[in-house]
Structures are given as C-alpha cells and as structure tokens.
Amino acid sequence: MSDGARPRILIVEDEWLIADLLEAMLDELGYDAVGPASSVQEALELIQEQAVDAALLDVSLGRVRSYPVAEALMRAGTPFLFLTGYIDGDLPAQFRSAPVLCKPVSLVELKAPLEQLVLTDARARSEKTSTDVSLSR
Amino acid sequence: MARREAPFPIVGVGASAGGVEALEGFFRGVPENSGCGFVVVTHLNPERRSLLPEIVGRYTSMPVHVAADGAVVAANEVHILPPDAILDIENGKLRVRKPISLRRERKPIDIFFSALAMDQGECAAGVVLSGGDGDGTLGVKAIKERGGLTIAQSTSDSSGPNYPDMPESAIASGMVDIATPAEQMGTRLVEFAASLLNFERLMADERRDDDDKALNDARHEICAIIRNQLGHDFAGYKGKTFLRRVQRRMQVNHLDSLEAYIERLRQEPKEVSALFRDLLINVTNFFRDADAFKVLEEQVIPKLFAGRGAEDAIRVWVPGCATGEEVFSIAILMQEHMQRLAAKPRVQIFATDIDDHALSVARAGRYPEALLDSVSEERRKRFFTYDDGSYLLTKDVRDICVFSPHSVIRDPPFSRLDLVSCRNLLIYFGADMQNQVIPTFHYALKPGGYLFLGTSENVSQFADLFTAIDKKNRVFRSREDASRVRLPLSVSGFRPAPFTPARLTGSHGAGPVALRQSVEGYVLERFAPAHVVVNRDGDIVFYSARTGKYLEAAPGAPSRQLSTLARKGLRLDLRTSLREAIETDARVERSGIVVEGEDDRVQRVDLVVEPMRDSPPEERLFLILFTDVGPMLSRQEADNATDRSDESYVQLERELRDTRERLQSLIEEYETALEELKSSNEELVSVNEEVQSTNEELEASKEELQSVNEELHTVNAELNGKVDQLDRANLDLTNLFESTRVATVFLDRDLVIRSFTPAVSEIFKIRPSDRGRPLTDLAGHVELPGLQDDIRKVFATGETVERAVDHESRGAKYLLRLVPYKDSDKISGVVLTFVDVTTLANAEAHQQVLIAELNHRVKNMLAVVISIAEHTYKDAPDAKAFKDRLVERIKAMAKSYELLARENWTETLMRDLVKPQLAPYGPDRVALNGPQLRLNPKQALSVGMVLHELATNAGKYGALSQPDGRVELSWDEHAHNGAQEIQLAWREIDGPPVSEERNTGFGLKLIERETVRGLGGACNIRFDPTGLQVSLSFPKEAPNE
C-alpha cells in the first residue's frame, strides 16, 4: 500500500443493494471498494486478479457459505471481517479470531473495525517485507 | 299395620351360605320397576365389614342402601342389613339395633320376617334363599299366618341353591306358597304387587251392593265345595280373610278370575285340600285355640297328675310336632301344674315329626315375637327369656321335651302314654290313613289315656275306641273296655277288627260260614267249660261266659291280671300251672283244686292250661279251662270228701310242698330280676340324660361351625369379586403399557428385573424368561454408563432422575427416567422408563434452524431496505417525494413477501406475482400473457421488485400515465445453452412520446441490477418511440440456489 493511495477493500455480498450500500460507505470512509463479488467463485477470481488490503465477507451467499473465500484470504494473510444476519451462528473454529459484524451495519459500526483491519494488514505486510513498522506510521 | 296411600309389598329376603349367588339370581330376575321394597337379611360376621351392598348393587339398577335406623322402606329400593345388627320394622320404618351379645345363635331372618309380618300383614312377602340352617322357617310361618306371600328357592332342580337346608326347611313347614328358582321370583313378586292393588279394588267394590252379591255367591260356592269334599264348613269364616286366602291360592295357580278358580276347585280335589289347609293356618302358634287348651289345662292335666307320686312318670306323645309350638304349649301347662304339687312326677313329652329340619327348629326352642301372640305376659316372663329379638324357652320347659324323628304311619308307636296330642295332623291324612292312625293312638295310650285333636279333626267313627270328654274342643278318652291289640297292626298292614264276636252275634241272616260261627259261638257259650285266654304276662285277653265262679274283681285299680282275679284257692295253682305251661310250652293239668265260692261253699275244679299253637311263640297265648268236678259242697263236705281219699290227699300235700318250694324260688328270682331291671333302668335314664346334653352341645357347636362356614363362604365370594376386579385392573394396565409403547422396566434393590413391558425389547435384548435376572447381565442397544450411580441416587434421595440417551443403531433419542418404586413409604425398587423423544429432538433442532434462517432473512431484508432508502433518497427531489417513493417500494416488497408467506415460501406462480403489482391500473389496461410458470422465492422477490419499478414508471411517465395507454406483459420458458431460461417482455403501447432522459434514475438501475445481479440474467431496455420495451431473461435455476 503506497502512501496517499486509498486501501482496497474487497466486498463479498450476494445482495447487490447491500453491496451498493457498503460500496458507498467504504467510499465515504476513504476506501476503495473491490467487487462486489456475489459468489464464492467470483470472489476467489477477484483475489487472484487484484490486490486487496482487507475484505468484508457476507457469511451466507444464497445457500452457500463464504468460508472458502475466508480460507483463501487467510492463506494470503489478508485480514477480513464477517457480516452476518445470524445472531449466534457458530463460525468454524479457524475463523474465530475474525471480527463479526451484525447486519444491517451502519457507517459508524463499520469505521473502527475497518481501520483495525487495515492496520493489521499493514503490520502483517511490513513484517513480511521486513520494513520498519514505525516508518509506515 | 301401617296404612299407605297405595299398598305396595315389602319383601324380606333371607339368605345365608351360598346366598351371594342366590341373591344375584334373585335381583337379576327383579325388574327395575317392580313396585316392591326389598330388605335383605343375611348372616354376617359381626367383626367384619360386609361388601354385600356393593355386590348386590352390581346386579340391580335399584338404589341399594345399608339399612339405617328410621329409614322408610320405599318401593323399588333395596335395604341391606349391616353386620352386627338386628333389624326389625315398625310402621314401614326400619329399626336397627345393636345385639346385646355376640353369640351367633340369633336368627336374624326369623326376627325380621316376623316383625315384617306384624307390621305389614298382607303386604308382607318373605323370600327364603340358599342357607345352611333353619333360619327363616318360623319367619315364613309368621308371614303366612298374617296373610302375606311366602316364597322359597326350589331345591329340586339343577339351578337350586348351593345350601338347600334353609329353603328346604321352610318348604317342609308347609308354609311356603311358591317354591321356584331364584331368577323367577321377581316375576311372582310383580304379580303379587299387582294383586294387592287388585284386591284393594275388589274390596272397594265389595261395598257396592251388586258386586257384593256376586262375591258372596262365589264365596258360598267355594264353601260348598269344601263342605262336600272334606265335611268342614267355613261359612262362619270372616269374608275378607277368606277371600284373601282364596286370592293367594289363585295367584299360586296363575288364575285371575274367581270363576276360573272355582272351576279348578271342582276338578282338582288336591287344590281343595290345599285351600283348606291355607284356611286353617290362622294361629299355629302357641296355645292355638285358647279354649281347647283351657279344657286341657283344667280338665285333663289335673287328672293326669292325680294319684301320681314322685316315683311315677307321665308320658305324653305329640306326633307331627312340626316346629314345636304345640309341644311347648303342653310343656308349659305341665310345668304350671307341677308348680302346685309337692311331689312332682317325672313328665316326659315325646315330640316327633318326619321332618328333621322342623325338629331342629323345635329343639332350638327359639321363637320370634310374632308367634307369641297368644302367650300371656305372665307366661312370657315365666317361661321365656328375651334374647336379641327372639324368645328362648327356659330350660325347665325344654328339658321335659324329647324331640326325635318318627313317622306315625311307618314306625312303631310309643306306648303306655297318658296323653296323645295330635292337633292338625290328621287333616293332612286321607280316610285310609286316619283309620290306621287313630287305632294306633288307642294302642299307644294307657287305658283311660287322653287324646287331644285339632278343632277340625274327629274320631267319631272310632267311638268304640274313644269316648268324648269335650266334643267341641276335641278331647277324647281311651276306652278301657275296648279290646287291646297287642301289636299295632298297622305295622303289618292289618286293619284291627275289635269286637268281632259281638258283631257276629248281632248279625243274623249271614252266609253259611257266619251261621257256623254263630252255632259254634252258641255251643261255646252254653256247653263249653268256662275258659279264659291269657298272654305270657298272665293278662287276660279273652273271657268266655260264666267265668264268675272262678274269677272275681280284686279291690283296687281294675286289672286283667289272672292271678289277681282268681278266686281264693285257685290263685296259687293257676299261677304255677301257667308258669309251667310257659316254661315247657306244653299242656298242664291240675285236678281236684278246691275253689272257695260265696257262702262258704267250695267247688272242686279241674284245671287245664294249654298253649295255643297258632299264636306266635314270643306272643304265645294260653287257653285256661275250668271244669267243675261234682256239685258245690259246703266246706265240711269238702273236707270229708278229702278224708275219703287219703291217698290222693297225701299226694296233694306232697305236691303242695313241692309247689311252695318252687314258688319261693320263683319269687326270689323275680325279685332279683326286678332289682336288676330297676338298676339298669336307672342307668339307662342317666345315660339318656348324658346323651341328651351331649346332643345339645353338639347341636350348638354345629351351629357355630355352620355360621363360621357361612361367613367364610361370604368372605370368599367377596374375595372372588376382588380378584376379578384385580384381574380387570391388571388387564387394563397391561393394555395401557402395550398401547403407550413406553419401554418400562421394574427393578428391585439389586437391579433384578421384576417385570417389563414389551417395548423394552427395542432397548435391551430381553426375553420373558429374563425376569429375575439382573439388568446388568443384559446386552443393550443403548449405552447406559453410570446407570448404577443413577439408581443409587434414586434410592438415596427418592427423587426422579432424568437424562437423555441415544440409541446406537436406530438413531433414536430416548428420555430415560428413573422413578423410585414406592411400596407404601419405602423405596423398594426403581422404575426405568424410556420415552422415545426422537421426533421431539428433531423438531427442536429444526426449529432452531428455522429461527436462525428467519433472523438472517429479516436482517438481510432490513439491510436491503436501508439500501433502497439510501438510493431513493439520492434520487428524490424533495422529502415528500422521498417518502412516497420509499413507502411504495417497501409496500411492493411487502406484497411479494405476503404472497410468498401464503405459499409457505415454496414456489409462486408468475401470474400471482404480477397481478398485485399491476392491479391499481385495472385489468383492461394490462394484458397478461404467459404459461403456468413457477418461481422460487428469491426469483419471486426480484421479479416483484422489477415489475414494481416498471409499473410505477409507466404510471408516472409511460403508457399508464395516460387514459388510453396500455401495457402488454408476456412471459415464457425455453431452453438456452442447455439450461431452462425464463423470458419476460414488457411493452408499453399508446403512451406519451418516450425520451431516454427521464429514465436515468434509480428505478432503471434497480431493474438492470436486479436482473443481472439478483437473477443472474440479462436485461434489455429499449426506448422505442411508441413506448418503452423491456425484455428480461434469466436462468430458471439461479446459480447460487
């Protein structure tokens, strides 16, 4: 992530109206939206093709769960958070560390977790590239 | 007697051993509306609660009460005697009293029946059912005497009582109107109830003159029939009582008109005597016919005792004594007379009957009050003790009475009696029998003994045997001059013919045989030597003419003893020669005996004693001939004559000496024998007394045993009933277990299987033979770790433990419940139940899924709504427009949701989806065209939104904004690249001119995005100048679905 450029956030959401809204929110919060991807397949392709700093994952895509996308993101070291309508839907154990936001999500709610994500991403990235963390600050 | 508005019968029902079964039969036969009130009296153990009311309640629909003091007996109700109580009735109200003693000798049936008879009279009915003693017999008697109906269970057929003694005894008393099986009694009682009402009417009619005449005619006719057949006139009988008896007989015979009954009387002599007996039953009780007993008391008894000392005995015989009232009446009179005497002779009253049952009733000497009507208060106090509802005769009266079974006709009679009292027995005998029995009485009586008969009996055709003392009251005296028949000839079936010679002499003009006899008689009388015939005892049984020279009446009581009658001089020779003849059974002669006559003159006589060969050896008769030798001489001449024959004198002297010696030895022998006889007689008397007291003891213990036995029977019947109930309950439980299919195992403290239900086999490998094995031995389909701990916990705390267990192979879930098995307060085991909760668990899980899904959808939708609001807001020129558009869009979504909800979120028809969105514009302006096409819920929501946007757009700016504008909407389904595809075409016609600018807003974006992103399809929007044309296509199965 170069200075001045806006962080790129992947949106995985099958309901386009919600995706639209998220896009608008990201824009307002100072991020660039990638996607939105409405299916697992689409999301995996996007990850392959484009650089992504973080991701918002809707847990349920129609009848399918977005877990394969989450796994791919973890492998790539890209932080993400889950959006879900389920109150206490048990997530698989490996995703327990990921933040979960409840739908419908508001701008305020989204702000802090996103910032945290991007920060995590930056830290991970700096560790990976052996850059001094304090510099990027 | 209590008078009621409409008379209804009160039926006393008496039963004992075997009574439960009989009562069942009885009440099954009684209709619900019989019109009778019932009171059941049984022998109950006073220390036990009785189940009889419940038992009876099972067999009848009438209300069943335990008899309470003061309860009014009503029609169609049943009252039952409670244990340890005595029941009687007064003015139609029951009276219940506690017995004073706990002894079981009471006769509760007799007590109640007689109270019922006194209270209800003609409205009383007595029913005697199965039982083991004679209770009820006296009660039935009391009811019958007061005009009530009596019924007993018939004992002859197979459906008879288990214990026939009680009904048999009642029937044998002759007081039972109807003997019938228990089941049929109900019908007879209903008839009885009806006849009571009829009789009331009949009596009411009687008061009218014309009917009175008809009734009187009938009565006279019946009287005439009886008079003709039996010679007894009932003309003086009370009209109502008479008719009541007649009516009872009509009922017994199933006849309902007097005419028919009179016809029956004419044809059947048996019925006449039955009616006759019924009419006579008036007062069988104590001192029946007060007048007659007065005569007995005042004229006969004093004579019986006259001249008797303490050494003497007075013997009385009462044949046909039945239940003993007559016997005890006489005994009471005897005791009363003896009280006034200083020297009391021994009185023995032999009471006999052929009926053992009646005798046992008589032996008990216990009578209910109803039978004591004619007993004065003084006598009640003196001779009876009141004991729990009945009267018991005192010991001094009972002691002089000896009861034994005996037939007047078949058995040898008693003998040497002072009094024979035979009241109302002869009326049951025909003329032949009477002719046999009356001479028997004569034989049995001592000469001058008394015969006491019933008022309708007579011995007039035997005037030669009896003379009347009081003709009206039937007291007769045995004639001493009548010839004595040695043996009662009735035994050998031979009719006695006393006084034959006398009759022959009077009958001239008879046949040759008769002539010969008459000649022989004449010769005998005129020319034969004087003679007498004696028996072995020396009693003269026949005299010839002219015996006065040799015999003379001795001073003192009249006697027929030869030796006392012989004149002086003859006595010794007569005795010795008779003795010799008896011993040798050969002819003995004596000659030259000097007999002293009157005026100091003597006569020499030759004496011949000859056994009569044609009489039987043990009853040998001896003919004694007296032949005069020479004329009568004076004493001196005789002496001279003796002198003249010295030789014969010496011989005579020698003979005399011999004879005297012999006489002496004989006298000694005789005295010894007499002593022996006396002592053995005393022994016999004392033995007899012992036997009698032993017999009484036996009798009492037999009664006790009987009552214990009956109680056991009753208890057994109750137990049987309970066992039946248990069986039913057990069966119910078994069926319950099988129907619930709840696997249940009963374990004891050691985890041993006590029992289990069939469903357990699904959980354990269990077989019926596994009862008694520990549960832990069995292999299970279910893992039960910690079961033993759980069971221990149940034992320790007494609380129920529940937990869920999984079935290994069937994928089923069970709720295992361990409940303590409580035996009173103690925990003696544990009950395991396995309730199959698979369906419940599945449903619960499913519900969880549904709730989560709903939650998800709601939140998703809210997110969608927020997004729509956002977009609408951006598009809207002002706040009002924003609000209107937003509300419309949300409403459109709501419509689609509503439709989906109605279809249960399955599939929706395209047509149904389209209609609500286009409805506001009317059917004329929108043409729909397409096949039956089904959409899944997501597709339906998307298509709904698209159509809403199209319709709103058309309504605002397009074809539907103008009156003439129309819209055509068509859809179709076809294959495209190997998948089914749905196509939708929207075409606006006759609208305003189309310009593209107006449609750049959110609406268009929504249509496009929803089609592409939501439905995964393609969208083509063409702004044709004639009208907007939109075509959509999307796969039938959405990619994500």
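The model is predicted: local features need pLDDT of at least 70, side-chain atom pairs count only at pLDDT 80 or more, and totals for chains, interfaces and linings use all residues. Residues are numbered from 1 along each chain as its sequence is written, while chains are lettered from A and ligands numbered from 1 in the order in which they are written.

**The sheet of chain A**

Helices (H or I, at least four residues) and strands (E, at least two) are DSSP runs, numbered from the N terminus. Strands pair if DSSP finds at least two bridges between them. In chain A, five strands build an open sheet. Their order is S2-S1-S3-S6-S7, and the pairing is parallel. Strands S2 (32–37) and S7 (100–102) of chain A stand at the edges. Each has a single partner strand, so one side of each is left without a neighbour in the sheet. From one strand to the next, the twist averages 20°.

Strands S1 (residues 8–12) and S3 (residues 54–58) of chain A pair over four bridges, in the parallel sense. A:Val12 has A:Leu57 of S3(A) as its bridge partner.

**Helices on the sheet**

Two helices of chain A pack on the sheet. Axes are lines fitted to C-alpha atoms, for helices over the stretch in contact, and angles run from 0 to 180 degrees between N-to-C directions. Contact means that the C-beta atoms of two residues, placed from the backbone, lie within 7 Å.

| H1(A) | S1, S2 and S3 of chain A | about 170° with S2(A) |

**Where chain A meets chain B**

The contact takes 21 residues from chain A and 19 residues from chain B. Helix H1 (16–29) and strand S4 (60–61) of chain A each supply at least two residues of the chain A side. H1(A) gives the most to that side, with six residues. The chain A side divides into 10 nonpolar, six polar and five charged residues. Here Ala, Val, Leu, Ile, Met, Phe, Trp, Tyr, Cys and Pro count as nonpolar, Asp, Glu, Lys and Arg as charged, and the others, Gly among them, as polar.

How do H1(A) and helix H24 (residues 838–875) of chain B cross? Their axes come within 8 Å and cross at roughly 60°. That makes H1(A) oblique to H24(B). Angles under 35 degrees count as roughly parallel, over 145 as roughly antiparallel, 65 to 115 as roughly perpendicular and the rest as oblique. Residues making this contact include A:Leu17 and A:Leu21 of H1(A), and B:Val864 and B:Ile868 of H24(B).
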